[in-house]
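Open the structure in your viewer and keep the selection panel at hand. The tour goes stop by stop.

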Amino acid sequence: MKVQGRMFIWLSVFILIMAIVYGVWSKEPAGTTALFLAFGLSVMIGYYLAFTARRVDVGAQDNKNADVADDAGELGFFSPHSWQPLSLAVGGALAFMGVIFGWWLLYFSAPVILVGLFGWVFEYYRGENQNQ
């Protein structure tokens with residue numbers, strides 16, 4: 001993860017330089033804003049990867065003498081099934097339709113989004129999937 005963190009940090013430096021050059025040269029606010037937002041997103045991802053790399057075991061990608069087979073095996077826990085993304089998608093679709101048909105539709109979409117979000121966050125704290 002150290003390699004990926006460094007890659008994103010260097011990418012963010014490049015994007016920042018390009019955003020400044022583009023903003024000065026073109027004087028166009030939409031593209032300049034998009035580049036600065038891309039810089040911010042790249043910094044967040046790079047910081048997360050660098051921060052996480054300090055807390056987890058060293059992976060095969062961080063070892064220069066590693067083989068492909070060294071990274072085989074279990075990589076983490078991934079939820080095998082969940083209905084919560086479906087409810088979030090339905091709530092998000094209703095919310096975006098509220099922009100088209102009227103803002104009153106947000107009153108119906110907000111509870112669906114909140115139920116989906118809380119259900120996804122607390123999915124493994126209740127029911128048959130509860131961890132001990």
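Start with residues 31-51. The chain there is 100% helix and 0% strand, and its end C-alpha atoms are 30 Å apart. Helices are DSSP runs of H or I with at least four residues, strands are E runs of at least two, and both are numbered from the N terminus.

A word on the model: it is predicted, local features need pLDDT of at least 70, side-chain atom pairs count only at pLDDT 80 or more, and totals for chains, interfaces and linings use all residues. Residues are numbered from 1 along each chain as its sequence is written, and side-chain values use heavy atoms, leaving out hydrogens and water.

Next, select residues 94-122. This stretch is 83% helix and 0% strand. Its end C-alpha atoms are 23 Å apart. The unreviewed UniProt entry annotates residues 7-25, 31-51 and 94-122 as "transmembrane region". Such annotations may be inferred rather than shown by experiment; positions follow the numbering used here, and feature names are shortened.

Now show H1 (2-26) and H2 (residues 29-55). Their axes come within 8 Å and cross at roughly 165°. Axes are lines fitted to C-alpha atoms, for helices over the stretch in contact, with angles from 0 to 180 degrees between N-to-C directions. H1 and H2 are therefore roughly antiparallel (over 145 degrees; under 35 is roughly parallel, 65 to 115 roughly perpendicular, the rest oblique). By class, their contact has 19 nonpolar, 9 polar and 1 charged residues. Ala, Val, Leu, Ile, Met, Phe, Trp, Tyr, Cys and Pro count as nonpolar, Asp, Glu, Lys and Arg as charged, and the others, Gly among them, as polar.

Pick Lys-27, in the loop between H1 and H2. Its phi is positive, about 55°, although Lys-27 is not a glycine. Most residues other than glycine have a negative phi. Is Lys-27 buried or exposed? Lys-27 is exposed, at 68% relative accessible area (exposed is over 50%, buried under 20%, partly exposed in between; 1.4 Å probe, protein chains only).

Move to Thr-32 in H2. Thr-32 is buried, at 13%. Beyond residues up to four places away in sequence, Thr-32 touches Ala-19, Tyr-22, Gly-23 and Ser-26 (contact means heavy atoms within 4.5 Å).

Jump from Thr-32 to Gly-91: 59 residues on in sequence, 32 Å away C-alpha to C-alpha. Gly-91 is among the H3 residues that meet H4. Select H3 (residues 84-101) and H4 (residues 106-121): their axes come within 8 Å and cross at roughly 160°. H3 and H4 are therefore roughly antiparallel. Their contact divides into 11 nonpolar, 7 polar and no charged residues.
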